[in-house]
Amino acid sequence: MKLGAHESVAGGVSLAFGRAEAHGAQAVQIFTRSARGWSAPPLQAEERRAFRRAARTARVPAIAHGSYLVNLASEDPLVRTRSLGAVREELQRCEALGIRSLVLHPGSHPSRRRGLRLVARALDEVHRSLPGLVAQVCLEVTAGQGNCLGHRLEEVEEILLRVEAPGRVGVCLDTCHLFSAGYDLSTERGTAAVVDEAVRRFGRRRIRCFHLNDSLRPRGARVDRHAEIGRGRIGLPAFRFLVNDARFRDTPAVLETPNPDRYASGLRLLHSLIRK
Ligand SMILES: [Zn+2]
């Protein structure tokens, strides 16, 4: 894995790479805009150039995380229109920055069946309106809090089976979410079985990135609360398995742990788990 972290873009998106370097990160995840607003001022040409320059120099893969407001399963016409607009805009920002993967939570809906269909339809609309884009949505497996869709691998798979262009959708696996959703990550063997299932359902190539987070809450709690690596309920075996999984040697795997001041030590801990 290319072990990295979600870095701040305060002061400009290109500054994330310097922060990544300071943390010893070999991959970086960013928000290309405020994660809490519906729209953002367009990226200036100078900012785009600075980002591409910094990416070339740093030579670490970059991925983006989408806005938390987006809900592609919403039935509310206003929320739906805004969500589709936000995803389009974020994909275009990724394209302009040379970022291939935009991580998104599938959405939330009281009916799983109907919700998953709405997500697939929303993605179809986005894809139709943006032909020929390199940047792709990466659906993240969720903790299944409340009505959040996508806490089972089969739900994410169902979206992929329903979209018109499945080749334009990737998947992101988050250890905290999987564990909180009920998957057994307590041992290396259990973790291997979960990853094998994901590979079987999605194909290895579609799994574009990992989020490496420990979980504050126990397995199956279905509450999304990240903890520092080794300080939560998952423990180290899951991470030991993942950092040694040769199938994902070049896949970005980023920390989204609560305290960026602990990124460097978290990454050192993960590196110490790699078998020589
Ligand atoms: Zn995540």
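**Entry 1: alanine 20**

I began with alanine 20, which is buried at a relative accessible area of 1%. For this I took buried as under 20% relative accessible area, exposed as over 50% and partly exposed as in between, with a 1.4 Å probe and protein chains only. I was working on a predicted model, where local features need pLDDT of at least 70, side-chain atom pairs count only at pLDDT 80 or more, and totals for chains, interfaces and linings use all residues. Residues are numbered from 1 along each chain as its sequence is written, and side-chain values use heavy atoms, with hydrogens and water left out.

Alanine 20 sits in helix H1 (residues 16-23). Helices (H or I, at least four residues) and strands (E, at least two) are DSSP runs, numbered from the N terminus. I then listed what alanine 20 touches, not counting residues up to four places away in sequence: Glu7, Ala25 and Val28. Contact here means heavy atoms within 4.5 Å. I also looked up alanine 264, which is 244 residues from alanine 20 along the chain, and found their C-alpha atoms separated by 9.2 Å.

**Entry 2: glycine 11**

Next I turned to glycine 11, in the loop between strand E1 (2-6) and H1. Is glycine 11 buried or exposed? Glycine 11 is exposed, with a relative accessible area of 80%. From glycine 11 to alanine 135 I noted 24 Å, C-alpha to C-alpha, for a pair 124 residues apart in sequence.

**Entry 3: glutamate 256**

I found glutamate 256 in the loop between strand E10 (252-255) and helix H9 (263-272). Glutamate 256 counts as buried, at 14% relative accessibility. Which residues does glutamate 256 touch, not counting residues up to four places away in sequence? My list for glutamate 256 reads His6, Gln29, His65, Glu140, Asp174, His211, Leu212, Asn213 and His226.

**Entry 4: aromatic pairs**

How many aromatic pairs does a search of the whole structure find? I got 3 aromatic pairs. One of them joins phenylalanine 31 and tyrosine 68, edge-to-face, at 5.8 Å centre to centre and with 75° between the planes. Phenylalanine 31 belongs to the loop between strand E2 (28-30) and helix H2 (45-58), and tyrosine 68 to the loop between strand E3 (62-65) and helix H3 (77-97), so this pair ties together parts that are 37 residues apart in sequence. My rule was that rings of Phe, Tyr and Trp (its six-membered ring) pair if their centres lie within 6.5 Å; planes under 30 degrees apart count as stacked, over 60 as edge-to-face and the rest as tilted. Phenylalanine 31 is buried at 19% relative accessible area, whereas tyrosine 68 is partly exposed at 40%.

**Entry 5: two arginines with positive phi**

I keep one reminder here: most residues other than glycine have a negative phi. Arginine 59 has a positive phi of about 50°. I placed arginine 59 in the loop between H2 and E3, and at 74% relative accessibility arginine 59 counts as exposed. Arginine 222 also has a positive phi, of about 55°. Its loop runs between strand E8 (214-215) and strand E9 (226-227). Arginine 222 counts as partly exposed, at 30% relative accessibility.

**Entry 6: H5 with H7**

On to helix packing. Helix H5 (residues 153-162) packs with helix H7 (residues 188-202) at an angle of about 15°, their axes 10 Å apart. That makes H5 roughly parallel to H7. Axes are lines fitted to C-alpha atoms, for helices over the stretch in contact, and angles run from 0 to 180 degrees between N-to-C directions. Angles under 35 degrees count as roughly parallel, over 145 as roughly antiparallel, 65 to 115 as roughly perpendicular and the rest as oblique.

In this contact, Leu153, Glu154, Val156, Glu157 and Leu160 of H5 meet Val194, Glu197, Ala198, Arg201 and Phe202 of H7. I sorted the residues of the contact of H5 with H7 into 6 nonpolar, no polar and 4 charged. Ala, Val, Leu, Ile, Met, Phe, Trp, Tyr, Cys and Pro count as nonpolar, Asp, Glu, Lys and Arg as charged, and the others, Gly among them, as polar.

**Entry 7: H2 with H3**

Last, I checked H2 and H3, whose axes come within 9 Å and cross at roughly 55°. That makes H2 oblique to H3. Arg48, Phe51 and Arg52 in H2 meet Glu95, Ala96 and Leu97 in H3. By class, I have 3 nonpolar, no polar and 3 charged residues for the contact of H2 with H3.
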